[in-house]
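Please have the sequence and the coordinates open before reading on.

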Amino acid sequence: MTREGTIVFVAWRDLRFARGRFVLIGSVVALITLLVGFLAGLTGGLAAQNVSAVLDLPGDRLVLQQPSDGQPSFGESTIGQEARVGWQTAAGVDEVVPVGIVQGRATSGHDDGSAVGVALFGLASAGGHGGRGGSADARGSVASLAPTRDDEVGLSAGAAADLGVDVGDPVTITGTTYRVASVGGDAWYSHTPVLAMTPDAWSAADRRLGGDGDPTVLAVSGSPDWDAVATATHTSASSHLGSLTALETFRSEVGSLALMIAMLFGVSALVVGAFFTVWTMQRAGDVAVLKALGASTRSLVRDALGQALVVLVVGIGVGTAAVVGLGALAGGALPFLLSPLTTLVPAIAMAALGLAGAAVALRTVTAADPLTALGSNR
Amino acid sequence: MITLDDVTLTFPDGDRRVTAVDHVSLTARTGEVTGITGPSGSGKSSILAVAATLIQPDSGRVVITGARGDAVDAVDAAALSRDEATALRRERVGIVFQQSNLLPSLTAREQLLVMAHLGGPRAGRRSAAVRDRADDLIDAVGLSGHANKRPAQLSGGQRQRIAIARALVHEPEVLLVDEPTSALDQERGAAIMSLIAQLTHERGTATMLVTHDLVHRGALDSLVTVVDGRVVSDTATGDGRIAA
């Protein structure tokens with residue numbers, strides 16, 4: 001049964017006639033989609049393992065120490081008393097939550113058994129302030145992990161799993177033992193699971209680790225003149241997302257993966273463009289005949305783009321399905337984020353870039369001279 | 001009917017221009033096969049290209065006259081824009097090429113059906129009538145048993161028959177045929193020429209046929225001879241037949 005009425009009359013039949021070639025290019029598109037999707041999922045997963053705790057901090061903006069030269073850094077930042085007071089007394093500021101972040105090691109029980117790397121977060125418990133967007137109770141929110149007593153800690157799910165402890169168990173950090181008050185959802189900082197403490201307990205732990213005990217970040221809520229206050233206090237204030245550039249590992253890791261994804265997008269557009277350019281050049285004689293018979297250039301362009309779209313949709317669909325399947329399987333073993341951001345967005349970008357590549361081939365269609373159909377030996 | 005009136009066509013050739021068609025006037029009448037012959041390079045294919053609106057002449061008129069309902073409609077094809085010329089070919093002109101120029105991915109029947117889709121989806125809605133005519137024409141050219149075969153599965157003569165059917169499926173007023181027997185042996189060539197003449201007479205098409213081979217001239221109703229871009233003779237017989 002023929003498909004009358006379709007706008008891709010010839011293109012549809014070409015797809016069936018030269019199915020080997022189209023299956024080949026569809027497979028290449030599917031493979032590139034799989035690569036892009038997998039990399040995007042991995043990037044998302046790694047990013048989550050790197051920064052989810054930072055994104056979960058309360059406040060409208062995060063304030064870091066502004067060094068005299070160079071960029072602010074989570075690792076180097078120290079917020080002294082003067083800067084803290086500067087922000088607390090600034091007009092328009094509703095709340096300032098000092099947060100201490102330092103990398104440390106913890107062991108389960110009272111002994112010095114095998115140590116697990118953790119990110120020690122010191123901040124007041126969620127009862128004293130709201131999380132970002134008022135979501136303090138959301139699982140994974142660092143604020144909701146923070147205990148109320150100095151001899152307690154709150155563990156993220158990853159920290160509890162790595163330490164093999166549960167609520168009520170003892171955990172030792174730099175020689176001091178704490179009781180696990182709560183176990184929350186996932187919270188990660190620089191690929192280590194988060195362990196939350198009270199500000200005082202964190203200061204003490206920081207000093208034992210060689211620090212000065214001062215908080216490293218301020219989570220500030222309100223609507224002050226951010227730039228003016230930041231300048232006056234020698235700090236920088238940026239959104240939670242914007243602050244991620246102050247995390248060196250995030251910059252280098254995500255930057256590298258994003259570059260690979262961008263290059264794969266480029267490869268995708270080039271491969272699809274090259275295929276359709278060669279394919280359309282091979283069809284140049286047919287295109288000239290169709291024009292001579294009365295085909296409008298517009299209908300031929302639609303035909304060619306429709307053909308490319310069919311190949312792209314099928315190839316990308318197969319590739320995306322493989323990403324979802326493999327991502328679900330890999331979720332337990334790899335830091336993999338399966339979400340519309342890592343599946344649908346790359347798929348749409350692939351389709352758009354593939355069509356852009358195929359559009360390059362349209363020159364052959366628009367330039368084909370129907371006069372060549374006369375006397376042509378085909 | 002199609003009339004070329006004082007048509008001149010030149011091509012650039014380095015710094016100068018070469019005259020391919022030199023003040024040519026001729027007419028292909030409705031229901032007749034008008035042959036155009038001449039030696040190689042005489043300009044006969046250029047005349048066909050001008051008649052097909054595939055190239056615009058430097059001067060002169062190409063008038064296609066046909067019945068549109070109860071009225072007679074005449075259009076100067078040489079004065080049309082590129083899009084208008086494309087639409088004219090799609091609706092009022094059929095072309096049979098020297099080679100069959102069938103599309104390799106389409107079956108014989110689909111070669112005809114594609115004519116309903118050349119103007120895009122709106123034209124595609126008229127495909128029901130084209131489907132009926134396609135089946136009739138495939139039958140008329142004697143290939144009803146081959147309708148679902150692709151060009152590679154057909155012989156040269158069969159391909160040319162399908163090309164003729166394709167050129168007629170949209171019921172054009174003018175049929176332009178370029179050396180239809182050049183790739184065929186004499187027997188198959190004679191059959192193709194006979195088929196063109198038969199369909200022309202039956203369907204009332206004004207057929208202009210370019211040929212350098214006068215072996216089959218019995219199928220022509222009149223013959224125009226062209227040398228160096230000029231018409232040197234224009235002979236029509238009283239009963240529409242040229243003596244073999």
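In which loop of chain A is A295(A) found? A295(A) is in the loop between α10 (284–293) and α11 (297–330) of chain A; helices here are DSSP runs of H or I with at least four residues, strands are runs of E with at least two, and both are numbered from the N terminus. The model is predicted, so local features need pLDDT of at least 70 and side-chain atom pairs count only at pLDDT 80 or more, while totals for chains, interfaces and linings use all residues. Residues are numbered from 1 along each chain as its sequence is written, and chains are lettered from A and ligands numbered from 1 in the order in which they are written.

A295(A) is buried, with 29 other C-beta atoms within 10 Å. Buried means 20 or more such atoms, exposed 12 or fewer, and partly exposed in between, with C-beta atoms placed from the backbone. Leaving aside residues up to four places away in sequence, A295(A) touches L290(A), L300(A) and L118(B); contact requires C-beta atoms, placed from the backbone, within 7 Å.

Chain A as a whole has 13 helices and 10 strands. Its radius of gyration is 29 Å, well over the 21 Å that the globule rule gives for 378 residues, so chain A is more spread out than a compact globule. The radius is taken over C-alpha atoms, and the rule is 2.2 Å times the number of residues to the power 0.38. Along the principal axes, the C-alpha atoms of chain A fill a box of roughly 90 × 45 × 35 Å. Buried residues make up 46% of the 378 residues in chain A.

Now take a helix pair in chain A. Helix α2 (residues 19–55) and helix α12 (residues 340–360) of chain A pack at about 140°, with axes 9 Å apart. Axes are lines fitted to C-alpha atoms, for helices over the stretch in contact, and angles run from 0 to 180 degrees between N-to-C directions. α2(A) and α12(A) are therefore oblique to each other, because angles under 35 degrees count as roughly parallel, over 145 as roughly antiparallel, 65 to 115 as roughly perpendicular and the rest as oblique.

The second pair lies in chain B. Helix α6 (residues 156–168) and helix α7 (residues 186–203) of chain B pack at about 15°, with axes 10 Å apart, and α6(B) and α7(B) are therefore roughly parallel. Residues making this contact include I164(B) of α6(B) and L195(B) of α7(B).

Conventions:
Contact = placed C-beta atoms within 7 Å.
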